[in-house]
Each structure stands twice: as structure tokens, then as C-alpha cells.
Amino acid sequence: MNAGYGMRTITRYHRPTTLDEALDLMARDGVNSVVVAGGTVVNSSPQPPDTEVIDLQAICSRAIERDNGRLAIGAMTRLQGLVESPAVPSLLRELAYREGPNTLRNAATIGGTVATGDPDSELLAGLLVYEAQVRIEHPGGPSTLPVVDLLADPRVLAGGIIGSISVATGGATASARTGRTPADVSIVAAIGRAASDGVLLALTGVAATPILATRETIASLDPSGDFRGSAEYRIDLAGTLADRVFGQLGGVQ
Ligand SMILES: Cc1cc2nc3c(=O)[nH]c(=O)nc-3n(C[C@H](O)[C@H](O)[C@H](O)COP(=O)(O)OP(=O)(O)OC[C@H]3O[C@@H](n4cnc5c(N)ncnc54)[C@H](O)[C@@H]3O)c2cc1C
């Protein structure tokens, strides 16, 4: 193996069986630790020297349950579990399917997806329009906050573990995307849902994470360009794809 690859720097593996045990392991002074769920990001990213991994698979739920008119999804639910669950809104199932090949979907989890905040994640854009709420377990007790707030300030997750994500249900949905090929990760995608007080629109590929936007805010976005598309092209795409989404939703604003 090459020096510098992530797994070379991992010195201990913990598999706690209770939440308190996991939180205690994370809170140790002077110890570098990282929680691991599906491992698709942790195992492929360089970690600081002497990192200890804390595996969540024995403590985080993978249940999908109705809860007060919403759907609560355990953080350890694999993306393939979303795809296969008839309880999950069909748009979210499709977006989970689009996140990657089955090898990735059978490992990657919804908790890891939220914690990673990948700017190109259509599933995260879907969670934004489904008004997702994230339950975070902290040493001092749990807190729940909208996923939009977590994406805006990931520091709220420091020292905590995502336990579950709850989503609204119902509402017509639409999506539009452009990638280099139909199977490729989108350069920009627009995801819409008709919620009780109007259409919620989320965009990928135009900011550091997927974001909620309106037609009016698109022009003031400041995306980074890359080999797949310049900043100007991305703003142009966002406007065009948003128009298509609003068009599919019958002009509801
Ligand atoms: C080849 C490849 C292709 C990919 N393609 C895409 C793509 O198209 N779109 C996309 O969005 N992503 C993509 N990813 C990124 C990644 O697969 C997703 O973000 C994935 O869902 C991460 O989930 P995981 O369970 O594997 O996370 P892990 O690798 O286990 O963890 C990722 C991060 O989240 C933290 N974490 C995990 N679970 C929790 C929790 N419950 N509470 C607190 N923190 C937690 C970890 O500490 C770590 O920082 C790709 C990755 C690879 C390797």
C-alpha cells in the first residue's frame, strides 16, 4: 500500500454497542477519531495520523417508520434500503438509486450522505424539498434541526451522531438534471416539491452543498466552475432546469 492512503493511518477500530459508549469514545481528549457508517467516504479519504474509527453499525438504526405524519429513517439505512422501501416517497427512492452503482448503494447510508454534504448529491436535494429534520445525539442529549441548517453550518454535528432523519410525505414532485451523460453525476440538478405553502426548489452543483433556492435567488448564486462546467454555465443551467421543474409542477410558485 502507498503511504498516505486513509486506511494506513487508522490505528484502532471500535465497535460500540451503545450510544453512550460511542459518544464517550468520541469525546476523549487528545484522540483523533472518526465515526464510520458505510465507509464509502471514510475509507477513501486520507485521515489524519493515528485516527481511531468508531463503527456505528451496532448502534444506529436502519428502520424506516411512520412517525406523526412523517417518515423517520434510521441513519444507518443503506441507500439501497431507501430504493427498496415502498414507504419511501418515490422521488427519494429514485434519487437514492441515482447516487451510485449498487456496490456503493449497498454500503453508503443516509446518515453518511447527510454528514458528507456532497454538493452533487441529488438525494440531499431531495431531503431538502422533503423538509428533512435531522436528529443528532449529543453527550448532553438529542437535538433536532432542519437539514438545511445542518448543511449551512456542519459544526452543529461536532461531537454528535446522526440518529435518524425524518421527512415529510406527500406533495407532487418533479426533477430535471444535466450531466455529461445521462448516467453521469449531474453537473446541476433541480428538484421540486409542491409543499403546503408553495413549491420548494433545491439545486445541486451550484454551491458548497445542495441548497434551497427560488427563481429569484438563482441569479445571485456564486458557484465554483470546474472541468464539467463554468460558474456561468451552472447558473444558466440552474435557471433552465428550475423552469422545467416549475413547468412540470403546473406553474405552482
Ligand atoms: C466511488 C464513489 C462515488 C460516489 N458518488 C457519490 C455521488 O454520486 N453522490 C454523492 O452524493 N456522494 C457520492 N459519494 C460519496 C458517498 O458515497 C456518500 O456521501 C455516502 O452516502 C456516504 O455514506 P457512508 O455511510 O458511506 O459514509 P461514511 O464514509 O461512513 O462517512 C462519511 C462521513 O459522514 C460521517 N458520518 C457517517 N455517518 C454518520 C452519523 N450517523 N452521524 C454523524 N456522522 C456520520 C463520517 O464520520 C464521515 O465524516 C461517492 C463515494 C464514492 C467512494
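A: The protein chain is divided into domain 1 (6-55), domain 2 (64-167) and domain 3 (173-248), with bounds that come from an automatic or database domain assignment. This is a predicted model, in which local features need pLDDT of at least 70, side-chain atom pairs count only at pLDDT 80 or more, and totals for chains, interfaces and linings use all residues. Residues are numbered from 1 along each chain as its sequence is written.

The centres of domain 1 and domain 2, taken over C-alpha atoms, are separated by 20 Å. Eleven residues of domain 1 are in contact with 14 residues of domain 2; contact here requires C-beta atoms, placed from the backbone, that lie within 7 Å. On the side of domain 1 that touches domain 2, helix 1 (residues 19-26) gives the most, with four residues. Helices (H or I, at least four residues) and strands (E, at least two) are DSSP runs, numbered from the N terminus. By class, that side of domain 1 has eight nonpolar, three polar and no charged residues. In this scheme Ala, Val, Leu, Ile, Met, Phe, Trp, Tyr, Cys and Pro count as nonpolar, Asp, Glu, Lys and Arg as charged, and the others, Gly among them, as polar.

Now the ligand. It is surrounded by 31 residues, and the closest are G38, G111, G112, A115 and S121. A residue is near a molecule if its C-beta atom, placed from the backbone, lies within 6 Å of it. Both domain 1 (6-55) and domain 2 (64-167) give residues to this shell, so the ligand lies between them. Strand 2 (32-36), helix 5 (110-116) and strand 8 (161-167) are the elements that give two or more residues. Helix 5 provides the largest share of the shell, five residues. By class, the shell divides into 17 nonpolar, eleven polar and three charged residues.

Two residues have a backbone angle worth a separate note. Most residues other than glycine have a negative phi. D50 is not a glycine, yet has a positive phi of about 60°. D50 is found in the loop between strand 2 and strand 3 (51-55). D50 counts as exposed because it has 12 C-beta neighbours inside 10 Å. The phi of E131, also a residue other than glycine, is positive, near 50°. E131 is placed in the loop between helix 6 (122-129) and strand 6 (133-138). E131 has 19 C-beta neighbours inside 10 Å, so it counts as partly exposed. On this scale, 20 or more other C-beta atoms within 10 Å make a residue buried, 12 or fewer make it exposed, and partly exposed is in between, with C-beta atoms placed from the backbone.

How values were computed: Two residues are in contact if their C-beta atoms, placed from the backbone, lie within 7 Å.
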